[in-house]
Amino acid sequence: MKYLDLRLRLPDRMLHPMQEFVREEDAVRYEEMLAWRVRPDEAIEYALYYVEADLERYRTAVREVETVVDCRITPVDDGSAHVWVCEETRPETRAWRDAFADRQLIVVPPIRFDDAAAMEMTIVGDGGDIHDTLENVPPAVDVTVDEIGTYDRRGGSLVGTLTDRQLTAASTALQLGYYEVPREGSLDDVAEALGCAESTASVLLRRAERDVLSAVLDRYGGEASNGA
C-alpha cells in the first residue's frame, strides 16, 4: 500500500469562489476540509470544514456563492468555526477531480488549504493508480509531490499520531530551539529549514502540538484527574 503527500494549486480560472476568497483576501488564516460526500447522480456534494477566519467576512462570502444550496456555520470561538455546506458540483471542480475518480485510492482527511488556496492532501492506495492520477491531473493544475512511499505510519504510539510532515516539522523546531524557554529559534527559522512558507510551518506545528496533546490527554487524562 502506497501513499502520496501532494499539493494542488489550481489556476485562477478553476478556483472555487471560496478558494478565490482565501487567495485574494486576508480574512482566512487557516482552513481544512474534514469530511465530504459526493453524489454524482444528483451533481450535489456535502462538505464539513474547520476554518479560522474573520467569520463575518467569511459568512458574507459564502452567501454570495451561487452554487451553494445550504450552509450552516457553527462558531467554535470568535475566530474559528465549523462550516457545513451543501453545494451543486461545479464543472471546474469535476475537471481536476476526475483524475481521482474510479481508482483504488482513498484521500486521508483532512484536506488542508494554505494561504494561496492550494490543497494539501494525503492519498493512500494502489501505486499504479497513484501514478495514473498524477498523469491525469489537468496540465493547468500545479502539482507538487512532497512525499511518496509505503504507508507504514504507526497508529499505536504517540509518534504515530503525527504525519511524516508534522513529525519532521516538530523535530526541526525542537532542534532549532523553537521550544526553548526563552525561545532560541523563530518560526521563520523553522520555515526556512523546512523549505516552506512561515504560515505552512505554523500550521504543521500547531497541528502536531494539538494531535500529540490530544493523544496524551485521551490516554492519560483520566489517570491524571484521578490522581489529583
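1. A salt bridge is a side-chain nitrogen of Lys or Arg within 4 Å of a carboxyl oxygen of Asp or Glu. Start with the network: Arg112, Glu120, Asp146 and Arg165 are linked by such bridges. Under this rule the count is 15 salt bridges.

2. A word on the source. This is a predicted model, where local features need pLDDT of at least 70, side-chain atom pairs count only at pLDDT 80 or more, and totals for chains, interfaces and linings use all residues. Residues are numbered from 1 along each chain as its sequence is written, and side-chain values use heavy atoms, with hydrogens and water left out.

3. Some terms come up throughout. Helices (H or I, at least four residues) and strands (E, at least two) are DSSP runs, numbered from the N terminus. Buried means under 20% relative accessible area, exposed means over 50%, and partly exposed lies in between (1.4 Å probe, protein chains only).

4. Look at Arg207 next. Arg207 lies in helix H7. Is Arg207 buried or exposed? At 10% relative accessibility, Arg207 counts as buried. Leaving out residues up to four places away in sequence, Arg207 touches Tyr30, Glu32, Pro110, Arg112 and Gln166. Contact here means heavy atoms within 4.5 Å. Arg112 also belongs to the salt-bridge network of point 1.

5. The side chains of Glu32 and Arg207 meet at 2.5 Å, N to O. Glu32 is in strand S2 and Arg207 is in helix H7 (residues 198-227), so this pair ties together parts that are 175 residues apart in sequence. Both partners, Glu32 and Arg207, are buried.

6. Now compare the bridge between Arg57 and Glu25. Their closest N and O atoms are 3.3 Å apart. Arg57 sits in helix H2 and Glu25 in the loop between H1 and S2, so the pair ties together parts that are 32 residues apart in sequence. Arg57 is partly exposed, at 31% relative accessible area. Glu25 is partly exposed too, at 39%.

7. A further bridge stays inside one helix. Glu56 and Arg59 meet at 2.9 Å, N to O. Both lie in helix H2, 3 residues apart, about one turn of the helix. Glu56 is exposed, with a relative accessible area of 52%. Arg59 counts as buried, at 18%.

8. Helix H1 (residues 17-24) has a buried side. Which residues of helix H1 are buried? They are Met18, Gln19, Phe21, Val22 and Arg23. What do these buried residues pack against? Their partners are strand S1 (2-9), strand S2 (28-39), helix H2 (55-63), strand S6 (105-113) and strand S7 (119-125).

9. Asp188, Asp189, Glu192 and Glu198 form a negative surface patch. Patch residues have over 30% relative accessible area and no salt bridge; like charges are joined within 9 Å, and nonpolar side chains (Val, Leu, Ile, Met, Phe, Trp, Tyr) within 5 Å. Asp and Glu count as negative, Lys and Arg as positive, while His and the chain ends are not counted. The place of a charge is NZ of Lys, CZ of Arg, CG of Asp or CD of Glu. Areas come from the Shrake-Rupley method with a 1.4 Å probe, and for residues only the protein chains shown count as cover.

10. Where does the patch get its largest share? Helix H6 (residues 187-194) gives 3 residues. Asp189 is in helix H6. Asp189 is partly exposed, with a relative accessible area of 32%.

11. Two cis peptide bonds deserve a look. One joins Pro109 and Pro110, with omega about 0°. Pro110 is in strand S6, and Pro110 is also among the residues that Arg207 touches. Another joins Val181 and Pro182, again with omega about 0°. Pro182 lies in the loop between helix H5 (164-175) and H6.

12. Last, the backbone angle phi. Ala43 has phi near 55°, a positive value in a residue other than glycine. Ala43 is in the loop between S2 and strand S3 (44-53). Ala43 is partly exposed, at 30% relative accessible area. Ala117 also has a positive phi, about 65°, although it is not a glycine. Ala117 is in the loop between S6 and S7. Ala117 is buried, with a relative accessible area of 1%.
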